[in-house]
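Good morning, and thank you for joining this group meeting. Please have the sequence and the structure open while I speak.

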Amino acid sequence: MGHNSIEVRKIAGALGAEVTGVDLSQPLDDDTYAAVRGAFVEHGVIFFRDQVLTPETHKRLSRCFGPFGETPFVKTMPGHPEIIAVIKEASDVKTHNFGGGWHSDFSFLERPPLGSLLYARDVPPYGGDTLWASMYLAYEELSDGLKQSLEGLKAVHSGRRSYGTQGLFASGGGVKAMTVVPSEAGDAEILHPVVRTHPESGRKALYINGVYTIRFEGWTEAESKPLLDYLQAHATRPEFTCRFRWSKGALAMWDNRCTQHNAINDYDGQRREMHRTTIEGERPV
Ligand SMILES: [Fe+2]
């Protein structure tokens, strides 16, 4: 399928676009790849509907955009160590959902993923939508004074609240249908700049998130909390977000370097199954 048939339509003012005219189960020719990559960088998150992907074709598609990223702590699909099956069973009620809470995937890694590809295999008839927020807008809409204060500042990121020895999964609070193995590695800390520059767009983005950012470098957690809370609330203002209603066969591909996302947990009693791959990223600068 040539790129002439590709159409890209924004779904919100801030970010997000739906792409039609591409069959992702087929290898992408150079023009199609360039059009999809361009839409990905321009819109932060892009959506495709009615795709029929196997784990193999999902991985082939992902691999076009870069090598696979690490998949720490979460047990991957049997035979497919590059795929995380994100599952909530109908019987998993009043529990945490994987991907709930605003975050950027695995930002506690030294080289967090460039992006993720999430494919819907089983979706509830209502609920289970996902939200994304633009960290470009979050940065751009700060005052010049606060931008200056954040320039050069670093923040500590850690997976400890989720994957650490005292974290959510270690205390049995995690999703039942998935196997997550918390460990001391989950308590590790890494420093990233609070404002990062996107290597492809050249734009500045706010790079903190509600799940993995612990404190500012050289500040205590208590000192950091008010400003982190402010920045996080600001970053997820409704006008900086988009919301995607999943359908079976839909695929979302998001840029983890300039967005946060939040999986809404509002479908207790119904099953949802998604397959995720991640693309390796660079150390944020
Ligand atoms: Fe996520």
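Let me begin with the metal site. In this predicted model, the iron ion has three protein donors: His-103 through NE2, Asp-105 through OD, and His-261 through NE2. These donors lie 2.1 to 2.2 Å from the iron ion. Along the sequence, the spacing of the donor residues reads H-x1-D-x155-H. Where do His-103 and His-261 lie? His-103 is in the loop between strand 4 (84-88) and strand 5 (115-122), whereas His-261 belongs to strand 14 (residues 259-263), so the pair ties together parts that are 158 residues apart in sequence. Are His-103 and His-261 buried or exposed? Both His-103 and His-261 are buried.

Strand 14 also brings us to a sheet. This is an open sheet of three strands, in the order 12-6-14, and the pairing is antiparallel. Strand 12 (241-244) and strand 14 form its edges, each pairing on one side only. From one strand to the next, the twist averages 20°. Strand 6 (residues 130-134) and strand 12 are joined in the antiparallel sense over four bridges.

I turn now to the interior. In soluble globular proteins, nonpolar side chains tend to be buried together. Here the largest nonpolar core has 56 residues, and those that touch the most other members are Trp-132, Leu-150, Tyr-163, Leu-206, Leu-231 and Trp-246. Which helix gives the most to this core? Helix 3 (residues 135-140) does, with five residues. There is also a second, separate core of 21 residues, which includes Ile-6, Val-36, Val-41 and Ile-279.

Tyr-163 deserves a moment of its own. Setting aside residues up to four places away in sequence, Tyr-163 touches several aromatic residues, among them Phe-73, Phe-98, Phe-106, Phe-108, Phe-169 and Tyr-212. Its contacts also include Val-74, Val-180, Pro-182, Ser-183 and Gly-186.

Finally, please locate Gly-44, in the loop between helix 1 (30-43) and strand 3 (45-48). Gly-44 has a relative accessible area of 4%, which means that Gly-44 is buried. Apart from its neighbours within four places in sequence, Gly-44 is in contact with Ala-39, Met-253, Trp-254, Asp-255 and Thr-259. How far apart are the C-alpha atoms of Gly-44 and Tyr-136? They are separated by 9.4 Å, although the two residues are 92 residues apart along the chain.

Thank you for your attention.

Note on methods. Residues are numbered from 1 along each chain as its sequence is written. This is a predicted model: local features need pLDDT of at least 70, side-chain atom pairs count only at pLDDT 80 or more; totals for chains, interfaces and linings use all residues. Side-chain values use heavy atoms; hydrogens and water are left out. Donors are N, O and S atoms within 2.8 Å of the metal (3.2 Å for Na, K and Ca); water is not among the atoms, so sites may look incomplete. Helices (H or I, at least four residues) and strands (E, at least two) are DSSP runs, numbered from the N terminus. Buried means under 20% relative accessible area, exposed over 50%, partly exposed in between (1.4 Å probe, protein chains only). A nonpolar core is a set of buried Ala, Val, Leu, Ile, Met, Phe, Trp, Tyr and Cys residues joined through side-chain atoms within 4.5 Å. Contact means heavy atoms within 4.5 Å. Two strands pair if DSSP finds at least two bridges between them. Axes are lines fitted to C-alpha atoms, for helices over the stretch in contact, and angles run from 0 to 180 degrees between N-to-C directions.
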